[in-house]
Amino acid sequence: MTQFDLIVVGSGPAGRRGAIQAAKLGKKVLVIEQGKRVGGVSVHTGTIPSKTLRETALNLSGWRERGFYGRSYRVKQEISAEDLRRRLIITLNHEVEVLEHQFARNRVQHIRGRASFVAPTTLEITKDDGESILVTGTKILLAVGTKPFRPDYMPFDGKTVVDSDELLEIQELPRSLVVIGAGVIGIEYATIFSSLDTQVTVIDPKSTMLDFIDKEIVEDFTYQLRDRSMKLCLGQKADKVERLEDGKVLLTLDNGRKITADMLLFAAGRMGATEALNLPAAGLVADSRGRLKVNPETFETEVPNIYAAGDVVGFPSLASTSMEQGRVAARVAVGAIAKEPQKYFPYGIYAVPEISTCGLSEEEVKERGIPYECGIARFRETSRGHIMGLDAGMLKMIFSLKTRRLLGVHIIGEGATELVHIGQAVLNLKGTVEYFVENTFNYPTLAEAYKIAGLDAWNRMGEIKAV
């Protein structure tokens, strides 16, 4: 039986970052990955594929140039599923090669197989050929991620009714698509296919969507989606789903409405991929969604030597935060000092258009009773926005009237997930509205929107009163 300082189950963002961190600290590390190649859900079915699909769709459809050339403009007239897949394969191969090189350079051992607990410190690895080996770890980090929630009542067939993993394998682009689930994954894929001129309908039993995002941003987003003929059936539930003989799918909603489409994407939640781990043998219990409870500061589970990080521990379920969780968990596990992470992290939604947010929303500021002022800039107010042909997009900042400090930044539009980091830095460094008013930004840039929004708020807040 082979002994390791740290065994990591899963090679996604949390797993790979944790493994490499422990190896850099001189520890003997093993990564167990059940997939055909390293990278986990993030590389093969989640973050990287969906963002690659988005970029390919925007490039081939000419979406970014339609502000100048009209809604009928397309770079490639006939876009196929193979066109999307070709770029996806190139990107994924590159990601895997980089990760394998990182493991080799840091002397991280990795093995392909399915891991399950035999005891709190011992795992059995079952390979594809049926061979099993036992390994023990002084510490164990579970970074197994999640998988799509697949309810029994949904007639999945991998072609007409698919989950978010199967969507990447479709052979033809649908002319019409119904998406059940108005969460991040559902909305991202809905808007990506809409940019390819697929007629998209989104269904969700909740009457609102993306509730953790500033309401004004969601309202702007909703307007843009409806403006391009996307149908949003919020507050409605699909009572019945049937596959028709002509290859289409028929949905009957709880209000009696019937919707027919070429394809249905079920994207209503994900489950922690813990089912095969034999958690009872380790003294662990997952919740109803397969997630594990951890100490939010150390990521240690109820079993002292076992840690968990990434999507399997729940919110915020971001690749970026998962990486940091994995790094912190590994440092704590091997006895190294782990500094407390920065308070504010950005949340990115790679829809079309992008949304990114950091800090408090206006609703949260109101709930806390903080006197505040908002500053808003429209991308069309910037010279770079004119050059790019942008007729939509906005940046919103919220400032405390008492301290003048930035409380939150919320962006929708082109480059939102890049632009947010300026606001994130100011938030974590406790900067004030004066930073944006007095700072010089490159011209012409979309980042200049920070200056415009800062001045918008400052004009109502006034100058700092002399003591």
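Colleague: Is Tyr69 buried or exposed, and what is its relative accessible area?
Modeller: This is a predicted model, where local features need pLDDT of at least 70, side-chain atom pairs count only at pLDDT 80 or more, and totals for chains, interfaces and linings use all residues. Residues are numbered from 1 along each chain as its sequence is written, and side-chain values use heavy atoms, with hydrogens and water left out. Buried means under 20% relative accessible area, exposed means over 50%, and partly exposed is in between (1.4 Å probe, protein chains only). Tyr69 counts as exposed because its relative accessible area is 53%.

Colleague: How many aromatic pairs are there?
Modeller: You need a rule first: rings of Phe, Tyr and Trp (its six-membered ring) pair if their centres lie within 6.5 Å, and planes under 30 degrees apart are stacked, over 60 edge-to-face, and the rest tilted. Count that way and the number of aromatic pairs is 10.

Colleague: What is the angle between the planes of Phe68 and Tyr69?
Modeller: Phe68 is partly exposed, because its relative accessible area is 47%. Phe68 and Tyr69 sit 6.3 Å apart, centre to centre, and their pair is tilted, with an angle between the planes of 50°.

Colleague: Which ring has the charged end of Arg150 over it?
Modeller: A charge sits over a ring if NZ of Lys or CZ of Arg is within 6 Å of the ring centre and within 35 degrees of the ring normal. Lys28 does this with Phe4, its charged end being 5.0 Å from the ring centre. For Arg150 the distance to the centre is 4.1 Å, and the ring is that of Phe156.

Colleague: How many disulfides does the search of the whole structure find?
Modeller: A disulfide is a pair of cysteine sulfur atoms within 2.5 Å. Take Cys374, which is buried because its relative accessible area is 11%. A search of the whole structure finds no disulfides, and for Cys374 the nearest cysteine sulfur, that of Cys358, is 16 Å away. The count of disulfides is zero.

Colleague: What span should helix 11 have at 1.5 Å a residue?
Modeller: Helices (H or I, at least four residues) and strands (E, at least two) are DSSP runs, numbered from the N terminus. The expected span of a helix is 1.5 Å times one less than its number of residues. Helix 11 covers residues 416-428, which makes 13 residues. The distance between its end C-alpha atoms agrees with the expected span, which is 18 Å.

Colleague: Which helices do the buried residues of helix 11 pack against?
Modeller: The buried residues of helix 11 include Leu419, Val420, Gly423 and Leu427. An α-helix has 3.6 residues a turn, so residues three or four places apart point the same way. Contact here means heavy atoms within 4.5 Å. The buried residues of helix 11 pack against strands 18, 19 and 22, plus helix 12 and helix 13.

Colleague: Which residues does Glu33 touch, leaving out those up to four places away in sequence?
Modeller: Glu33 lies in strand 2 (residues 29-33), and it is buried because its relative accessible area is 10%. Its C-alpha atom is 8.8 Å from that of Val8, 25 residues apart along the chain. Glu33 touches Gly10, Ser11, Val38, Gly40, Ile111, Arg112 and Gly113.

Colleague: What is omega for the peptide bond from Tyr443 to Pro444?
Modeller: Most residues other than glycine have a negative phi, and most peptide bonds are trans. Pro444 lies in the loop between helix 12 and helix 13. The bond from Tyr443 to Pro444 is cis, with omega near 0°.

Colleague: What is the phi of Arg107?
Modeller: Arg107 is in the loop between helix 5 and strand 3, and it counts as exposed because its relative accessibility is 70%. Arg107 is a residue other than glycine, yet its phi is positive, near 60°.
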